[in-house]
Amino acid sequence: MVDIAFGPEKGQRPDLADNREAYLDMVRRKRMYGGILMVLFVAIMASGWWLADSRNAGGFWNGLSQLFDFPAEVLSEAWAKRANLPHLFWDHVPALIETLNIAAVATLIGTVAAMALSLLATRGLARWPRMIPVFRRIMDMLRAIPEIVIALVLIFILGGGPVPAVIAIALHTGGALGKLFSEVAENADLKPVEGLQSVGANWSQRMWLGVIPQVAPNWLSYALLRFEINVRASAILGFVGEGGIGHDLKLAMQWGQGRYDEVVAIFLLLFLAIVAIDRISDHYRHKLVKGH
Amino acid sequence: MTATAMAPSLAETVTRRFAARRRMAFAIPAAIIAYLVYAAISFDVAGLVNRARFDNAAILLSDFWSHKTHVTRDNRNGKLTVAIEGEAKGTYPEGMLPDWVSVAGGVTTIDLGQGHVVTYDDAGARYVVPGYGTIDIREVDGRPVLTAPEPLPSWINAAENRIAVTTPAGRFNYTRSKVETFRYQAGWELWFFTLDSPFYGKSPGELAGLALWGDRIAADRSNLGYMLSEFWNNRMWRHGDVAWAIFETILMAFLGTMTAALVALPLSFLAARNFMPLGIFRAAARRVFDFIRGVDGLIWTIILSRAFGPGPMTGAIAIAITDTGSFGKMFSEALENIDEKQVEGVRSTGANAVQRARFGVIPQIMPVFLAQVLYYLESNTRSATVIGAIVGGGIGLLLTQAILTQKDWEEVAYYMVLIILMVMLMDSLSGWLRRKLIKGS
Amino acid sequence: QDITGFNIGILGGENAQDRLTNNECFRAYAEETLGVPVKLFAPADYDGVIQGLLGGTIDMAWLGPSAYAKVYLTDPEAVDVALVKTNLDGTFTYYSIGFARADSGIKSMDDMKGKVMSFNDPNSASGYLIPRVELPQQGYSIEPGEFFADVKFTGGHEQTIVAVANGTVDAGVTWADGQGNWEDGYNSGALRKASDAGLVDMNDLVEIWRSKPIPEGPIVLRRALPEEVKAKMIDLTMGLIEKDKECAYNIAAGETAGFSKIDHSFYETIVEVRRQQDGT
Amino acid sequence: MLDVVAVTKLFGQKAAVDNISFSVDRPAFVGIIGRSGAGKSTFLRMMNRLTDATSGEIRVDGRDVLALKGAEARAWQSQCAMIFQQFNLVPRMDVASNVLHGILNRRSTLQTMFNLWPRADILRALEILDRLGISEQAPKRAEALSGGQQQRVAIARALMQDPKIILADEPIASLDPMNAQVVMDTLRRINLEDGRMVIANLHTLDTARRYCDRVIGMRDGRIVFDGTPDMLSTNVAREIYGADESFNEAATSTSIPTDTTADRAYADALLS
Amino acid sequence: MLDVVAVTKLFGQKAAVDNISFSVDRPAFVGIIGRSGAGKSTFLRMMNRLTDATSGEIRVDGRDVLALKGAEARAWQSQCAMIFQQFNLVPRMDVASNVLHGILNRRSTLQTMFNLWPRADILRALEILDRLGISEQAPKRAEALSGGQQQRVAIARALMQDPKIILADEPIASLDPMNAQVVMDTLRRINLEDGRMVIANLHTLDTARRYCDRVIGMRDGRIVFDGTPDMLSTNVAREIYGADESFNEAATSTSIPTDTTADRAYADALLS
Ligand SMILES: Nc1ncnc2c1ncn2[C@@H]1O[C@H](COP(=O)(O)OP(=O)(O)OP(=O)(O)O)[C@@H](O)[C@H]1O
Ligand SMILES: Nc1ncnc2c1ncn2[C@@H]1O[C@H](COP(=O)(O)OP(=O)(O)OP(=O)(O)O)[C@@H](O)[C@H]1O
Ligand SMILES: [Mg+2]
Ligand SMILES: [Mg+2]
């Protein structure tokens with residue numbers, strides 16, 4: 001048995017001291033950087049919380065003991081008036097449907113916009129390759145503005161109602177999905193596209209027949225996830241702006257005592273809807289991405 | 001090798017398939033269109049078109065990038081005020097007027113440009129519109145009387161107590177109590193210094209000169225310091241307050257996200273099948289995650305408001321709670337997908353559970369962990385804007401309130417630009433960190 | 001016991017920045033008087049301040065009567081009524097004023113049939129509670145679709161005024177002391193402030209309805225505060241009109257004769273009204 | 001019929017195709033050989049207008065196809081079919097649809113996007129598939145087919161275009177010898193029976209010798225040989241492949257074994 | 001030294017290891033052979049306490065290690081190193097850290113959490129790596145190493161444990177012949193020089209013959225052979241592998257070619 005595991009003669013072997021020092025040096029450096037990063041992080045977190053605490057009206061420790069005051073108040077009243085709940089549920093179903101419709105329409109429109117934007121902004125697929133940065137910036141902007149801002153501005157122009165919310169969510173969806181879609185499209189196989197190009201297909205034919213079939217499962221999965229997110233967004237917009245179940249919730253909540261049964265009813269309705277959609281979309285998304 | 005050799009049934013199958021696909025190709029868009037039509041009806045889009053106020057849109061768009069200056073004379077005491085946006089903080093101090101307004105004796109002359117000139121005098125006011133003529137208003141028995149070339153164009157709106165003229169050069173209003181002229185100009189006026197500041201109206205060159213070698217304007221501090229403080233405390237734009245608001249928003253997002261990540265990491269082990277064999281605990285942990293995610297940050301904000309009062313900490317805690325739910329779910333999914341070989345290797349040396357997690361698991365889920373945390377940090381900057389509007393802090397409060405009051409659209413534009421920049425900055429920062437931390441090290 | 005800080009809440013419904021600016025002078029005086037840091041909070045809606053008072057995180061606020069009623073109904077021990085703003089003629093009542101655009105042809109509430117009516121915030125007395133009780137008594141049902149075509153909430157006084165001026169809604173209600181001239185937006189109130197701020201031209205608006213007198217909302221102090229602190233703040237506020245007229249004008253939203261002492265009994269009626277409205 | 005005049009393609013500073021010219025006057029089977037990077041693909045891609053040329057003209061029946069723009073260029077593409085080494089089919093769509101893609105340029109966009117193919121088109125696609133012996137595969141997804149079958153679908157798509165010229169870029173490089181032979185035989189047959197010109201990039205000398213009427217050898221973007229297959233001596237091959245004395249022709253041969261009787265029988269059976 | 005007494009492991013109804021017993025009285029190199037599913041891995045995993053046995057005893061120096069619980073079981077694991085076919089390293093951590101994992105059981109949890117290893121430990125890890133000829137790799141991530149190097153890191157981790165017994169579950173199954181030889185030589189050397197017992201599951205007869213002092217053949221969970229390598233006749237092999245007459249030993253041989261001079265030279269070059 002030859003001693004290969006132990007390498008050549010002593011003299012020819014690389015200097016042990018060198019490797020050892022190199023490694024020890026690395027360990028020292030890592031420990032130092034790690035330590036500095038750790039201390040930095042802890043310091044930022046601690047001072048951040050301290051600052052937030054000092055800027056807050058109430059302190060953290062005082063508040064902690066009262067954490068359940070409000071929920072207790074709400075729940076005890078709702079419990080006392082629990083007989084009203086089924087009726088209140090029923091009252092708010094139309095508002096819930098409006099909220100869901102806002103989310104669905106916005107997701108539909110936003111997805112279509114995202115499809116176009118993402119193809120226009122993907123290297124190798126773009127209709128006008130020079131315009132790629134332009135379309136990317138457009139998507140960045142659409143993503144950056146919170147929905148609420150667009151919605152409030154649009155309420156000023158269009159008056160109340162669900163349409164401003166739809167537009168606001170659709171714009172944001174267009175930007176957010178556009179980025180994800182374009183990441184998927186970037187990985188699409190270009191061979192079919194080239195094949196279609198060689199027969200003289202125009203751009204829309206190349207995209208529709210060559211790219212969309214490849215990316216459809218992933219895109220659909222992202223769109224479902226977005227729908228889930230948009231249901232929340234639509235409820236929140238109602239809360240801050242107007243329309244849908246979020247608005248009902250806000251009014252009941254602002255009135256406060258005396259309508260806490262309504263608060264609980266609306267909240268439960270919304271919560272159950274969100275959890276149900278969450279579950280269903282989770283299920284289909286897993287199916288879409290795994291099974292093809 | 002002829003067409004006849006082809007089985008006829010094959011042609012049938014294929015054509016039938018194409019027909020089916022064709023039906024699908026129509027059915028899906030038709031279903032979508034039907035839904036959209038239903039939605040349009042239920043959203044009352046038709047009514048919306050009537051309700052939509054495109055003049056509001058025009059105001060808003062022009063306000064985004066322009067400002068207006070009010071030149072107002074109180075008809076009761078004859079006092080003249082020139083104020084940017086008609087606000088007290090934009091009022092020209094005594095003895096200072098924009099160069100297009102001049103006062104001589106009791107006569108005020110306002111040059112709106114392009115030949116439009118408005119004059120206020122003791123008798124009333126006059127507006128010379130090129131290509132039309134002179135609109136002359138005199139007060140008779142305490143009531144404005146209009147003389148102007150007939151027929152009156154539609155841009156002159158004369159009522160009993162009020163005469164309004166709108167031209168491309170500006171707007172003019174005459175009522176019993178006052179006469180006002182509005183001139184629109186591009187730009188965000190007073191963005192650097194307000195009218196009462198000694199630095200107002202200076203060119204960048206002059207300012208640089210003052211800052212570097214000019215004599216001290218205020219004896220007790222340097223010109224540069226004075227200048228910065230005048231800018232920072234600009235009463236019209238409040239750059240200092242706005243900067244703080246932006247910082248507060250980022251602070252909420254950062255504290256919320258990081259805290260959620262630190263809390264969710266250990267908890268997610270409870271919800272992962274391969275680490276929590278007890279089904280009840282696992283299900284309980286999952287339901288808890290689902291619950292706090294489902295409730296949504298906004299509701300948490302309201303619940304927490306009672307306990308902690310308004311302020312950034314409330315917002316940060318609300319974000320932390322919601323995201324604990326999201327992270328818990330994602331991390332536990334990541335945990336279920338880990339490579340067991342590494343854990344087994346560490347385990348075979350006699351490592352205990354904590355060590356196995358530390359060396360067998362954490363290195364594996366670190367990339368997912370970092371990617372998600374950074375992604376959420378970015379998206380929470382946006383959420384913090386909205387949450388801020390509820391808890392009374394951050395740029396969100398400034399923005400939503402500015403929109404709700406529907407007047408300072410240039411401020412809205414300013415805040416919006418800042419928010420977009422802030423989110424984009426966080427986006428690229430988190431992207432940069434993601435690349436650095438996940439690829440490197 | 002000593003306090004380490006003092007938090008003043010400002011009711012929502014107006015531009016946050018303006019609210020903070022208008023109260024900044026008062027904050028400075030309070031800090032000087034109490035010798036502890038004083039902070040202003042301007043949550044987005046009435047409820048933010050109410051929750052702060054209930055939770056003990058806000059020490060002082062000027063509430064509307066309805067908001068006070070809510071605090072009282074939720075927890076009678078939470079706050080003490082301390083002061084009220086007096087009008088120039090020494091009264092301390094104000095009105096809920098219904099108004100519409102002058103060019104809309106609406107002259108009185110009767111013309112509002114089939115039009116869109118708007119309220120402010122469910123916790124506003126003049127902007128919701130009082131009209132909600134009085135309008136149906138006078139035959140104007142506030143159920144959407146019965147008398148009015150629709151009923152909306154704008155979120156605050158300023159928003160209502162703007163919404164009416166812009167024609168987003170046909171009419172709205174807001175508060176005013178009802179003294180002085182309509183053209184000026186009366187002596188004090190939301191209309192006066194909006195007019196002063198150049199937000200609306202009062203000539204464009206007409207008054208179409210007026211409620212019975214409503215007691216001015218109280219300035220409340222948290223009951224748990226040390227007596228000494230409460231006394232200092234009451235003295236400061238009462239003396240403000242002498243000390244700094246402009247500051248008093250700013251925080252009182254218009255001309256005022258100053259602030260005077262008052263107690264809970266003054267608000268029993270409105271508490272009762274609100275109690276009856278609960279759950280409907 | 002085809003005149004290539006001083007065609008050049010620069011990538012940055014580098015000339016991938018360097019001033020090449022040749023003419024073909026009848027629908028011949030033209031093979032282009034040369035080692036990797038010689039510019040063969042680039043030339044075919046320019047001809048099909050997948051890549052723009054830097055300068056030069058390619059005249060087909062007197063018209064310079066390199067000068068066409070937009071819709072005209074696409075119309076030219078529809079007359080000049082291209083077959084790729086990797087087949088470049090749409091893998092998730094069925095075979096018949098892939099063949100129908102050949103006439104995308106002649107049908108309206110909307111019609112094609114909604115799958116509104118006229119029945120006659122579908123039948124023609126099936127006929128072509130039948131001619132190539134793979135009509136049973138028509139309803140299957142393209143990705144479910146073997147490499148050789150996929151390449152025949154690609155040829156079917158090309159035939160659907162009813163092109164004057166078929167360009168084939170190493171059509172057999174990713175196929176095993178047996179399938180390679182079927183594909184080459186098919187191309188040759190189309191060339192002879194339909195009278196369509198075929199220009200094929202080929203990797204190996206023996207394939208070129210066996211199927212081509214004319215062979216063009218390229219090296220570093222230039223034409224270094226142009227003649228009939230029997231002019232391809234070892235010396236010429238060395239010139240083309242830039243190899244030194246040790247060059248052994250077998251090194252470039254990856255294709256059909258010399259004893260091909262069995263294969264042929266099988267291929268004939270398939271094609272019949 | 002090691003007494004295995006009636007050890008059984010049931011998975012559901014099925015006995016993966018079926019009542020096996022044997023003893024080893026000196027630190028020998030023991031090979032366990034048998035075809036896939038024979039229960040080799042299951043036995044080693046029980047011995048290392050990665051899997052619990054259904055019944056039976058494994059006595060090491062008189063103590064039944066199967067009866068140990070919690071911290072005691074972990075302490076036993078730290079004395080009984082395990083080497084896996086797939087190396088089972090932490091790929092994102094550096095090589096030396098992976099080696100240091102060998103003493104996780106002997107250091108406090110808190111200390112190890114932050115990777116704060118004492119200098120002496122680090123030096124020992126580096127020494128072991130040096131002994132195995134891969135000390136230059138110490139700062140690299142484990143995933144950056146070749147399979148053979150990774151397996152040597154795994155051996156280094158095992159040595160770091162300073163174990164009485166090293167268990168190796170098909171340590172060379174995922175390695176090429178050259179690396180396989182390096183790894184087997186290393187194990188053998190550790191066995192001889194340090195006097196540590198090695199029990200290795202092996203797939204191939206020739207490896208067993210070459211390295212083992214004792215070979216145990218398993219089939220369907222039972223021991224069907226127990227003896228020295230030279231007792232391994234073709235018949236015995238047939239018995240173990242459950243093969244019929246057509247059994248050809250070469251079919252199971254995947255490992256080191258007989259003529260290894262070239263490989264050795266290459267290995268020397270690599271290690272120098
Ligand atoms: N898109 C491109 N950008 C830059 N250089 C390119 C591009 N396409 C091809 N080239 C270069 O042009 C030269 C010719 O390439 P081409 O693909 O035409 O060669 P080829 O003869 O088809 O070789 P192969 O047998 O490898 O397909 C090569 O040097 C290649 O690197
Ligand atoms: N976790 C388990 N659950 C159920 N059955 C198992 C489990 N692990 C192993 N088995 C079964 O036990 C039997 C013995 O498996 P073991 O892995 O010990 O065989 P092996 O001899 O190591 O085979 P190989 O050469 O494939 O590694 C096999 O039939 C296997 O299917
Ligand atoms: Mg090529
Ligand atoms: Mg095994």
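The following legends describe close-up views of a predicted model.

**Figure 1. Packing of helices H6 and H7 in chain A.** Helix H6 of chain A spans residues 147–158, and helix H7 of chain A spans residues 162–186. The two helices pack at an angle of about 145 degrees, and their axes are 8 Å apart. The crossing of H6(A) and H7(A) is right-handed. On the side of H6(A), the residues that take part are Glu147(A), Ile150(A), Ala151(A), Leu154(A), Ile155(A) and Leu158(A). They meet Val163(A), Pro164(A), Ile167(A), Ala168(A), Ile169(A), Leu171(A) and His172(A) of H7(A). Sorted by class, the contact of H6(A) with H7(A) consists of eleven nonpolar residues, one polar residue and one charged residue.

**Figure 2. The two domains assigned to chain A.** In the domain assignment, domain 1 of chain A covers residues 1–67, while domain 2 covers residues 78–290. The centres of domain 1 and domain 2 of chain A, taken over C-alpha atoms, are separated by 41 Å.

**Figure 3. Surroundings of ligand 1.** Ligand 1 is surrounded by 13 residues, and the closest are Lys14(D), Ser36(D), Gly37(D), Ser41(D) and Thr42(D). Oxygen atoms of the ligand take part in several polar contacts with chain D, including those described here. A polar side-chain atom of Thr42(D) is 2.4 Å from an oxygen atom of ligand 1. For Glu170(D), a polar side-chain atom lies 3.0 Å from an oxygen atom of ligand 1. Lys40(D) contributes a polar backbone atom, which is 2.9 Å from an oxygen atom of the ligand.

**Figure 4. Surroundings of ligand 2.** Around ligand 2 there are 13 residues, of which Lys14(E), Ser36(E), Gly37(E), Ser41(E) and Thr42(E) come nearest. Ser36(E) places a polar side-chain atom 2.5 Å from an oxygen atom of ligand 2. Backbone atoms are also involved: a polar backbone atom of Gly37(E) is 2.7 Å from an oxygen atom of ligand 2, and a backbone N or O atom of Gly39(E) lies 3.0 Å from an oxygen atom of this ligand.

**Figure 5. Contacts and separations between chains.** Seven pairs of chains are in contact, and among these pairs chains A and B share the most contacts. Chain C and chain D, by contrast, are joined by no contact, and their closest C-alpha atoms lie 42 Å apart. Chain D and chain E do not touch either, with their nearest C-alpha atoms 27 Å apart.

Figure 6. Most residues other than glycine have a negative phi, and most peptide bonds are trans. In chain B, however, a cis peptide bond joins Glu150(B) and Pro151(B), with omega at about -10 degrees. Pro151(B) belongs to the loop between strand S8 (143–147) and strand S9 (156–158) of chain B. In chain D, Asn115(D) has a positive phi, near 65 degrees, although this residue is not glycine. Asn115(D) is located in the loop between helix H4 (109–113) and helix H5 (119–131) of chain D.

Conventions:
Residues numbered from 1 in each chain as written. Chains lettered and ligands numbered in written order. Predicted model: local features only at pLDDT ≥ 70, side-chain atom pairs only at ≥ 80, totals over all residues. Heavy atoms only, no water. Axes fitted to C-alpha atoms, helices over the stretch in contact; angles between N-to-C directions. Helix = DSSP H or I, 4+ residues; strand = E, 2+ residues; numbered from the N terminus. Left-handed = near helix turned anticlockwise from the far one by under 90°. Contact = heavy atoms within 4.5 Å. Nonpolar A, V, L, I, M, F, W, Y, C, P; charged D, E, K, R; others polar. Domains from an automatic or database assignment. Near = heavy atom within 4 Å. Polar contact = N/O pair within 3.5 Å; in protein donor to acceptor, adjacent residues only side chain to side chain.
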